[in-house]
Amino acid sequence: SKRFVPLHPRLIDCGFLCYVKLLRGEARTDLFPCLPNAERDGKGKAAGRDFQKFRRELAVGAAKGDGRGTKVFHSFRATLTTSLQNAGVAQEVREAITGHAKAGVHARVYSQGALPTTMVRDALTSACFEFSHPTWADTSAYRYARANGRAHSTRRA
């Protein structure tokens with residue numbers, strides 16, 4: 001669905017807006033055109049499945065006895081919320097960033113409109129995640145995925 005999704009400055013540094021501009025230039029409306037669309041769950045089912053496979057390959061959250069782990073795609077929201085809370089970001093700002101409804105009566109009844117963009121940006125900047133990611137570039141693999149609605153496997157059997 002359409003919604004306000006703030007971007008962490010690190011995503012912008014990685015070329016995310018260039019990617020979005022390219023999609024718009026191709027008259028695409030989906031952010032991830034290579035994900036298949038499930039009848040009931042839309043693109044979320046494939047994204048969740050792909051994340052689970054990736055997570056298991058990295059053994060993230062595999063401490064549970066059966067080795068399956070407890071981390072799911074939705075765990076990113078909890079990780080971000082915790083990071084924002086630890087950085088001292090107010091609850092109403094955390095709720096706006098993560099897309100949750102306002103919790104308090106005061107915020108639900110008396111607050112009107114969206115939070116200032118600068119407030120959201122500053123809050124996101126306070127959430128620090130150490131990762132390395134190359135700057136996005138439109139490669140033949142990305143062009144194949146967009147044209148064919150799926151990613152081209154580059155793995156060898």
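User: How many Å apart are the end C-alpha atoms of helix 4, and what span should its twelve residues have?
Analyst: This is a predicted model. At 1.5 Å a residue, the twelve residues of helix 4 should span 16 Å. The distance between the end C-alpha atoms agrees with that: 17 Å.

User: Which residues of helix 4 are buried?
Analyst: Buried means under 20% relative accessible area. Cover for the buried residues of helix 4 includes helix 5 (91-98) and helix 7 (117-126). The buried residues themselves are Ser75, Leu80, Ser83 and Leu84.

User: Is Ala27 buried or exposed?
Analyst: Ala27 sits in the loop between helix 2 and helix 3. It is not a glycine, yet its phi is positive, about 60°. Exposed requires over 50% relative accessible area. Ala27 has 66%, so it counts as exposed.

User: Which residues form a nonpolar patch on the surface with Val60?
Analyst: Val60 lies in the loop between helix 3 (44-58) and helix 4 (75-86). Its relative accessibility is 40%, so Val60 counts as partly exposed. The patch has about 280 Å² of accessible area together.

User: Which element of the protein has the lowest mean pLDDT?
Analyst: The protein averages a pLDDT of 78, and 79% of the residues score at least 70. Helix 2 (residues 16-25) has the highest mean among the elements, 93. The lowest mean, 60, belongs to helix 6 (residues 105-110).

Key: Residues are numbered from 1 along each chain as its sequence is written. This is a predicted model: local features need pLDDT of at least 70, side-chain atom pairs count only at pLDDT 80 or more; totals for chains, interfaces and linings use all residues. Side-chain values use heavy atoms; hydrogens and water are left out. Patches are made of residues with over 30% relative accessible area and no salt bridge: like charges are joined within 9 Å, nonpolar side chains (Val, Leu, Ile, Met, Phe, Trp, Tyr) within 5 Å. Accessible areas come from the Shrake-Rupley method with a 1.4 Å probe; for residues, only the protein chains shown count as cover. A salt bridge is a side-chain nitrogen of Lys or Arg within 4 Å of a carboxyl oxygen of Asp or Glu. Helices (H or I, at least four residues) and strands (E, at least two) are DSSP runs, numbered from the N terminus. Buried means under 20% relative accessible area, exposed over 50%, partly exposed in between (1.4 Å probe, protein chains only). pLDDT is the predictor's confidence in each residue, from 0 to 100. The expected span of a helix is 1.5 Å times one less than its number of residues. Contact means heavy atoms within 4.5 Å.
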